[in-house]
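Trainee: I would like to learn how to read a model like this one. Please take me through it step by step.

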Amino acid sequence: MRAAYVVAVCLAAAADAAANSRFNIDIPSTLRRPDGYPHAAALFGRPTYGESITQRIYYARDANNDPDPLCTLTTPHAFPSPYVLMVDRGGCSFVTKARNAQALGASALVAADTRCVCGQPCEPQKSCQWTEPVLADDGSGADVTIPAIMLQKQDADAIKDYIRCGKWGKNDCTYDDWSKDTVVQASLEYTVPNPDDRVEWELWTTAIDASSLDFLSAFRDTVVALGTRQQFTPMMYTYNGSEYGCDLDSGAESLNLCGNLCTNDGKYCAPDPDGRQDEGISGAQVVAEDLRRACLWSLVGGDTAPDKTQRGVGETWFHYVGNFSSMCATAEDFVDDACRARVMKKAGVDAAAVDKCVTDSGGLEQGHNTVLDETVKALKAKNIVYVPECIVNGVVHWGQLEPQTILATICQGYPRAERPAPCDCVDAAGASAYANCLAGNTGGGGGGGGKKKSPAKKQQQAGKRKSPGKPVTVVVAKGAKKPGAKGGMKKPSAKGGRGGGRGGGGRAPAGRAEA
């Protein structure tokens, strides 16, 4: 049952990615599709939203020497950059093929499926597969910047046949090594809906999610600069312990299957941050801090926040999160009431109001908590597979979790003529220039922000990538014990990080990372 659930959420994530990307053939017109080609989009790489890659496509196939091209970089073949590279599925992971295509100068990778989906108009149906594979991260995709997709076999075959045979058809045609004689132009674009002049976005995170904590500290000034032209909502990831039997009991006593991962008698749980339930920070303590942050947001940044200019902005919330990361970074301080009180005082937080919200919502001991119930419900409805997960105008951001990258995606969510002034900062060269640009382009609050020209488009080139920022980590003090640890369930396998795709680390999600 668990394996089926993991595959389901991974397939849902892949479907979301494909729904917000479009692939088509521009030349020759005979291969062009009115609605583009159905495809699976990779859950790694850093696609740029709102910009189209329109380049010649080459097919990497060396029938004589390399049955699994792009699994190594031993091939001498190269094409003039920029270009899109097509390669057959098989032999190694999708990440490996994308990384090697990037090293060869490709701007995007198109994997060609070599197996039919059962029941589709595709031959041969023998040994067909029931679903297309998920282009998942194999755990090493942090350095892959180019986008990658996979075409269904029947569509990929038609493109490959034209590349090798041109307009004369496929009769008596044979593949040349890395065919490159027939010109085929492909286009790939990732889009963000822009229904109005305010962008709504959310970030799924936790109090111990190192990759997003660094981003939140760096992105605070951007949110303030955009003001109410954007509406941010932090979503604190908490999973339903009932799905794992964490709330089961045997009459008088609870079975305690999940140790100290959960609160409220096993109803709300969080992964153990260090994988050792007998020491350090427990999952239940993470849930408690996440609940406090959700309550704080409702008070200072939610839809009913007293200061209307802070609704969707929540500057005080950002100050609290940033100060907590720096002042309460050890395991002892993370759970220390006095340390948390100092952080709240420094950030100007009404600690009594936060505590009241925690209590009024149902607390953390028994029964249901209304705030956590809403979180669990939203997590399931949106098929959240990874943490951190950034969603802009309903579209999952597939890219690095960096201030200018997220700002670029947010700015694609505005109508072109209505983009606020901070959008001009997307192309600022370096952190210092970016900060200076934001300081000179504030004024998005209250629906302000003049009409600005859209950021200049950058040419898609492989190899131009930023190194991930240094993550903020929680230090587990040696010997720091967790109260009531009794062993139990490890964190769900679906919550593996997605490599560098969103700035995260960790292992690949369950699902097929192999090509």
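Predicted model: local features only at pLDDT ≥ 70, side-chain atom pairs only at ≥ 80, totals over all residues.

Mentor: Start with the elements. Helices (H or I, at least four residues) and strands (E, at least two) are DSSP runs, numbered from the N terminus. Residues are numbered from 1 along each chain as its sequence is written, and side-chain values use heavy atoms, with hydrogens and water left out.

Trainee: How many helices and strands does the chain have?

Mentor: There are 12 helices and 16 strands.

Trainee: How is burial judged, and what percentage of the residues count as buried?

Mentor: Buried means under 20% relative accessible area, exposed means over 50%, and partly exposed lies in between (1.4 Å probe, protein chains only). Of the 515 residues in the chain, 54% count as buried. 

Trainee: Which residues have a positive phi without being glycine?

Mentor: S127 is one of them, at about 60°. N264 is another, at about 50°. N264 is found in the loop between β13 (262–263) and β14 (268–269).

Trainee: Is S127 buried or exposed? And N264, buried or exposed?

Mentor: S127 has 55% relative accessibility, so S127 counts as exposed. N264 is buried, with a relative accessible area of 1%.

Trainee: Where are cis peptide bonds found?

Mentor: Look at omega. A cis peptide bond joins S81 and P82, with omega about 0°. P82 sits in the loop between β3 (52–60) and β4. The bond from E123 to P124 is cis too, with omega near 0°. P124 belongs to the loop between β5 and β6.

Trainee: Now helix pairs. How do α5 and α9 cross?

Mentor: Axes are lines fitted to C-alpha atoms, for helices over the stretch in contact, and angles run from 0 to 180 degrees between N-to-C directions. The axes of α5 (residues 283–300) and α9 (residues 351–360) come within 9 Å and cross at roughly 115°. Angles under 35 degrees count as roughly parallel, over 145 as roughly antiparallel, 65 to 115 as roughly perpendicular and the rest as oblique. So α5 and α9 are roughly perpendicular to each other.

Trainee: Which residues make the contact of α5 with α9?

Mentor: From α5 come L291, R292, C295, L296, S298 and L299; from α9 come A353, V354, C357 and V358. Sort them by type: Ala, Val, Leu, Ile, Met, Phe, Trp, Tyr, Cys and Pro count as nonpolar, Asp, Glu, Lys and Arg as charged, and the others, Gly among them, as polar. Eight are nonpolar, one is polar and one is charged.

Trainee: At what angle do α6 and α8 cross?

Mentor: The axes of α6 and helix α8 (residues 337–347) cross at roughly 140° and come within 9 Å. That makes α6 oblique to α8. The residues of this contact divide into seven nonpolar, three polar and three charged.

Trainee: Where does G314 lie?

Mentor: G314 is in the loop between α5 and α6 (315–327). With 0% relative accessibility, G314 counts as buried. Leaving aside its neighbours within four places in sequence, G314 is in contact with W297, V300 and G301. The C-alpha atoms of G314 and P234 are separated by 9.9 Å, and these residues are 80 apart along the chain.

Definitions and conventions
Contact = heavy atoms within 4.5 Å.
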